[in-house]
Amino acid sequence: MDIKKIEKKWQAIWEKEKLANFNPKNSDKKYYCLEMFSYPSAAKLHLGHWYNYAPTDSFVRYKKMKGFEVFQPMGFDAFGLPAENYAIKTGIHPKDSTEQNIINMEQTLSEMGAMFDWSAEIKTCNEDYYKWTQWLFLKLYEKGLAYRKEAPVNWCPDCKTVLANEQVVNGECERCKSTVVKKDLTQWFFKITDYAEELLQGLSNLDWPEKTKLMQKNWIGKSTGGEIEFTAESGDKFKVFTTRADTLFGVSYVVLAPEHPLVKKLTSKKQKKAVDEYILETSKTNEIDRLSTSREKTGVYIGHNAINPINGKSVPIYAADYVLYSYGTGAVMGVPSHDERDFAFAKKHDLPITRVIKGANCNDELPFTEDGILVNSTGFDGLTSEEARKAIINKLVKEGKAEHKTNYRLRDWLVSRQRYWGAPIPIIHCEKCGAVPVPYQDLPVKLPYDVEFTPDGESPLAKHEGYMNAKCPICGADARRDPDTLDTFVCSSWYYLRYPDANNAKEPFNSDLINKILPVDKYVGGAEHACMHLLYARFITKALRDMGYLNFDEPFKSLVHQGVILGPDGQRMSKSKGNVIAPDPYVQEHGSDVLRLYLMFGFSYTEGGPWNDDGIKAITKFLDRIERLQAKVVALSNNKVNTIGKNEKDLLYAVNYAVKAVDKDMENFSFNTAVARLMELLNALSKYDSADGEKNGVVFKNAFKTFILLLAPCAPHFAEEIWESLGNKNSIFYAKYPECDENALVLDEVEVAVQINSKMRAKLTIPSTANEEQIKELIYADAKLAEELKDKTIKKLIIVPKRLVNIIV
């Protein structure tokens with residue numbers, strides 16, 4: 001079979017018949033399967049793209065054959081730093097390089113033979129898409145969910161832009177690996193914190209990997225306790241959030257975040273130099289590292305004390321980087337007797353350690369971090385920790401020194417970027433009117449082409465006078481556009497809503513249509529997006545729901561993370577390591593179906609593993625065997641034998657066993673075991689073909705047809721060709737997926753292992769319905785077993801149906 005020729009043939013037929021096009025009229029049977037769209041930063045697909053898209057496409061084809069109206073769109077997450085950095089390096093404009101890369105990737109994706117609905121394609125860098133990204137920004141602004149403030153942000157000195165917390169890894173920019181520093185800038189934020197509780201509670205209803213749900217849960221970081229007011233000796237007040245108010249009598253110091261305004265205000269002259277140096281060092285450490293529990297707590301005394309409100313004792317104030325000004329109140333209390341890291345901090349700084357919790361019948365050596373009974377806590381001694389937490393907060397509430405409080409680790413989403421290649425922020429700044437939204441009829445705010453985008457710390461658009469100069473929409477005075485662009489995660493936070501209505505020029509999407517097709521039934525993509533894209537998309541869905549545009553709560557009902565295909569050396573593929581594997585040579589030599597089948601068979605889909613092509617030739621031989629068998633099936637199709645003997649029953653059992661197993665495996669993304677079952681069925685077909693005696697041509701042909709139907713989602717071009725050769729006029733993907741005949745799984749006879757006193761002695765074929773007396777007769781009828789049981793009495797038969805008989809003598 002000329003595999004390249006049949007690939008082109010069937011791809012042309014699929015395109016002509018619009019096999020992949022979704023019909024909204026059948027939305028009652030819809031199945032929306034979506035792979036996370038790719039970033040067109042390279043001219044060609046790498047093996048990782050193939051591993052994401054090809055097996056998932058097989059799942060979609062399987063769903064189509066199961067009777068669903070499937071929707072599998074494709075597009076490109078086309079804004080972002082990689083294209084801009086590439087442009088800076090090469091001089092090729094990011095628009096030009098991105099558009100060319102998209103053309104190349106479209107071609108490669110088409111050659112894969114995937115069933116993408118290209119009529120719904122989106123490219124986030126196109127005006128007809130980012131117009132609606134800007135619309136989304138304005139809607140959030142109208143609802144008070146988009147706001148601007150000055151805040152300390154993560155700044156990459158090489159990329160010269162702001163980074164979200166999630167984009168900082170081990171203190172370095174995830175893109176260029178430069179050390180990230182802190183910088184105060186006026187930025188735009190989305191108020192995702194308004195949805196913190198719902199984002200947390202909604203996780204329980206999602207069919208997502210537990211690890212991903214746990215990551216989001218920890219990132220949201222809910223904690224319940226009290227906010228307690230301390231008073232500095234200067235009279236300045238600050239609040240401390242704690243979940244352990246029962247330890248309040250044990251406070252021996254308090255900590256302010258280095259960025260807290262009271263640090264500079266209260267620092268003594270004697271301590272100023274040390275505090276200033278400490279603040280500078282802190283600015284070089286990102287928030288994630290500062291919060292790490294494995295990192296040693298550091299800090300510096302600011303030369304000022306505060307009063308503990310529960311007992312009036314004076315305690316020193318420290319500035320320490322493990323406290324964030326953006327989290328909670330920016331202040332914490334130190335209780336060294338009942339916190340391991342506070343204990344180490346107190347030892348290091350020679351601070352007092354006072355026990356206030358006694359363990360109940362356990363080792364309560366300090367630091368004792370469990371709940372217990374209060375001691376050294378005047379008025380509260382003898383209470384349990386749980387009782388004391390409530391009682392102490394209630395006392396302070398009455399005195400106006402505390403309130404009950406729930407805190408979240410989640411911070412508002414910083415969306416401003418000081419880079420060129422992104423969606424412009426649709427705001428005009430007027431000296432008289434302030435920040436003014438661009439009127440909806442003036443969208444999109446177009447990204448100009450002629451921009452000097454070499455980074456210098458200032459937004460590139462700020463240097464383009466033609467872009468920046470504007471009239472205030474309210475008063476008509478001269479004004480300036482916002483010079484920043486939006487984080488590319490804003491573009492991807494709603495793209496799944498655009499796909500079903502991608503060509504709508506009047507609105508981002510038609511709500512009636514979207515509410516029929518959404519939410520996404522199966523979402524497939526990398527686990528690295530757990531705390532960014534997946535969280536942001538959930539937030540945007542809930543915000544649009546509350547605005548009345550959507551009637552569902554979550555964007556993605558079910559989520560699958562594909563594993564990672566590593567280089568042959570077991571490391572992540574990268575150009576610098578020289579271990580990148582391109583799929584093209586394999587496609588050219590073996591065809592796309594062979595590569596697809598090998599990726600499905602050679603790896604557990606959710607785990608991945610090191611690339612090894614030793615087995616790819618075995619897949620080619622597998623298809624060759626099928627092709628040879630097809631000729632024999634055709635030759636036997638006119639055979640008039642219609643008897644159903646043992647061989648036929650064995651074949652029908654194998655067919656229906658495979659149908660049941662492959663159906664389950666495809667549904668569960670267990671592609672490797674699905675292909676293994678197909679190989680087993682091919683062996684059963686070959687065994688029937690080579691068996692002695694006459695063949696039932698009808699049984700053989702129907703069994704082979706069922707096999708090809710099962711194979712079709714996994715090797716679509718090849719299966720189409722075989723299907724046509726069997727006399728079928730329509731695409732195999734219009735055919736119904738096989739259903740298991742449970743009756744065929746009931747065998748007349750089964751082979752069981754026979755043991756005597758639990759030691760294996762023989763194998764015996766018995767009727768599947770045989771009772772104990774009939775089994776005894778068969779045992780004695782077997783010469784070998786009869787000899788072993790000579791002069792012995794069977795005391796008991798232990799029977800494991802259809803598997804084992806243990807004879808106790």
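**View A. Helices α19 and α22 cross in this predicted model.** Helix α19 (residues 592-602) packs against helix α22 (residues 671-690) at an angle of about 110°, and their axes lie 6 Å apart. Angles of 65 to 115 degrees count as roughly perpendicular, so α19 and α22 are roughly perpendicular to each other. On the α19 side, look for Leu 597, Met 600 and Phe 601. They meet Phe 671, Asn 672, Val 675, Ala 676 and Met 679 in α22. Sorted by class, this contact of α19 with α22 has seven nonpolar residues, one polar residue and no charged ones.

**View B. Four strands form an open sheet.** Follow the order β6-β5-β9-β19, where the pairing is antiparallel. At the edges sit β6 (161-163) and β19 (413-414), each of which pairs on one side only. Strands β5 (residues 146-156) and β9 (residues 181-190) run antiparallel and are joined by ten bridges.

**View C. Helix α5 lies across β5 and β9.** This helix covers residues 127-142 and runs at about 85° to β9.

**View D. Helix α17 is mostly covered.** Of the 14 residues in α17, 13 are buried. The helix spans residues 533-546 and reaches 20 Å from its first C-alpha to its last, close to the 20 Å expected at 1.5 Å a residue. Just after α17 comes Gly 548, which takes a positive phi of about 95°.

How values were computed:
Residues numbered from 1 in each chain as written. Predicted model: local features only at pLDDT ≥ 70, side-chain atom pairs only at ≥ 80, totals over all residues. Heavy atoms only, no water. Axes fitted to C-alpha atoms, helices over the stretch in contact; angles between N-to-C directions. Helix = DSSP H or I, 4+ residues; strand = E, 2+ residues; numbered from the N terminus. Parallel < 35°, antiparallel > 145°, perpendicular 65-115°, else oblique. Contact = heavy atoms within 4.5 Å. Nonpolar A, V, L, I, M, F, W, Y, C, P; charged D, E, K, R; others polar. Pairing = 2+ DSSP bridges. Expected span 1.5 Å × (residues − 1). Buried < 20%, exposed > 50% of the residue type's maximum accessible area, 1.4 Å probe, protein only.
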